[in-house]
Amino acid sequence: MSVSRLSGMSGIGVDRMGNLADSSQDESILRLENLDTDLRPPPGVVEATQQAAALDSANSYLPFMGANDLRQAATDLVSRLTGLDYDWNRSTIICAGGLNGILNVLLALLEPGDEVVMTDPIYVGLVNRVRLAGGVPVFVPYQIANGIWAFAPDQVGGAVTSKTKVFLMMSPSMPGGGVFSREDWEAICLACRKAGAWMLVDSAMERILFDSAEHNHPASMPGMAERTITVGAVSKEYRMIGWRVGWIVAPPEIINDIGLVNISNVVCPVGIAQAGATVALRTPDSDVAAAVAEWQRRRDVMLEELDGLPVVKPLGGWSMLMDVSSLGLTGAEASARLLERGKVAATAMTGWGSQRSERFVRFVFSNEPADRLRGLRGRVDAALK
């Protein structure tokens with residue numbers, strides 16, 4: 001029997017689908033199940049990592065909170081994107097990837113039974129981390145309007161109770177690619193201030209925005225600097241999934257608590273990965289912009305291929321959802337058919353938010369070139385019709 005802290009937690013499904021696709025050894029399968037990307041990291045990253053592997057200084061626990069150069073680089077990025085002047089030595093910790101940072105922050109903030117406001121649908125790994133930390137997820141749903149995700153700001157206040165402790169927000173959202181407008185953020189921040197809650201921002205994809213969508217960060221809004229914690233990573237924008245490097249930038253009054261959890265959890269970030277991460281964070285913004293342009297091109301190919309089917313257009317991120325309930329299927333049924341009949345590996349969204357997540361299947365467009373994505377419609381039709 002599972003221990004109580006695992007109550008309500010579910011698997012992510014991606015691992016099961018990936019294993020099925022791997023076991024087939026069929027290279028014709030479109031790998032749309034996992035948030036990988038075939039785009040290379042920024043120039044100089046691999047070389048810096050290779051050099052670090054030979055250095056004694058990279059083969060060390062020290063410094064426990066991360067290399068000073070990397071802490072400075074991460075702080076500079078967050079300061080530039082928020083317009084706030086953070087002190088790297090008092091506000092920033094390096095962690096073993098963004099989700100490690102999210103869990104460490106939640107463990108530092110939550111008492112058992114505290115509520116965490118989140119959008120819906122949302123990555124099940126975030127939901128699981130809230131539960132693992134003793135929190136209770138409270139979902140504010142995105143709606144589908146005119147084929148895109150629309151957030152209803154007037155619903156945020158209704159999600160707040162006396163137990164609300166944290167708002168855990170991500171824009172663009174994952175897995176759907178919904179993007180908050182400035183008005184959305186203002187309503188969320190107002191509810192957060194009224195609740196006296198913390199704002200925890202998963203910023204892993206914050207600049208992966210399409211169709212000229214506007215970038216906003218809640219820390220820059222009135223009364224939010226002192227309650228906003230930003231967790232980022234090199235995994236997505238910098239295409240460095242295997243490096244497992246992230247950062248936490250927070251008000252100084254909470255950073256020591258987060259640091260205590262950080263050192264008690266993974267002890268320290270990966271030594272040989274930090275030099276490459278520093279190079280990435282010092283890379284001009286044009287590098288990220290070029291990657292975003294390519295991901296938007298792939299998204300557009302997929303939207304063209306799936307035109308007329310119940311897909312929801314993402315305004316950012318690496319993936320899109322299809323609501324297969326209108327086809328008389330659950331996400332799990334659609335996922336199985338897509339692999340068996342269409343040779344498409346796509347993940348069912350079971351557990352990725354509220355009960356309605358069972359309606360969706362996810363297509364990742366970051367890991368297959370546009371030429372491979374063309375012809376997707378025939379595969380989907382063969383599988384689902």
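Why does Ile263 count as partly exposed? In this predicted model, local features need pLDDT of at least 70 and side-chain atom pairs count only at pLDDT 80 or more, whereas totals for chains, interfaces and linings use all residues. Residues are numbered from 1 along each chain as its sequence is written, and side-chain values use heavy atoms, with hydrogens and water left out.

Ile263 counts as partly exposed because its relative accessibility is 31%; buried denotes under 20% relative accessible area, exposed over 50%, and partly exposed the range in between (1.4 Å probe, protein chains only). The residue lies in helix α8 (residues 252-265); helices (H or I, at least four residues) and strands (E, at least two) are DSSP runs, numbered from the N terminus. Together with Tyr61, Leu62, Phe64 and Leu260, Ile263 forms a nonpolar patch on the surface, with about 510 Å² of accessible area in total. Such patches are made of residues with over 30% relative accessible area and no salt bridge, nonpolar side chains (Val, Leu, Ile, Met, Phe, Trp, Tyr) being joined within 5 Å and like charges within 9 Å. A salt bridge is a side-chain nitrogen of Lys or Arg within 4 Å of a carboxyl oxygen of Asp or Glu, and accessible areas come from the Shrake-Rupley method with a 1.4 Å probe.

Strand β10 (residues 246-249) directs Gly246 and Ile248 one way and Trp247 and Val249 the other, and all are buried. In a regular strand the side chains alternate between the two faces of the sheet. Strand β2 (residues 92-95) pairs with β10 in the antiparallel sense over four bridges, pairing requiring at least two DSSP bridges between two strands. Within this arrangement, Thr92 is the bridge partner of Val249 and Cys95 that of Gly246. Strand β2 is likewise covered on both faces, with Thr92 and Ile94 buried on one side and Ile93 and Cys95 on the other. Strand β9 (residues 228-233) also runs antiparallel to β10, joined by four bridges, and Val231 has Ile248 as its bridge partner.

For helix α10 (residues 285-305), the 21 residues should span 30 Å at 1.5 Å a residue, which agrees with the 31 Å between its end C-alpha atoms; the expected span is 1.5 Å times one less than the number of residues. Its buried residues include Val288, Trp295, Arg298 and Leu303. The cover over the buried residues of α10 includes β12 (319-323), β15 (360-364) and α13 (376-384).

Thr49, in helix α2 (residues 45-52), is buried, with a relative accessible area of 16%. Leaving aside neighbours within four places in sequence, Thr49 is in contact (heavy atoms within 4.5 Å) with Trp243, Ile272 and Gly276.
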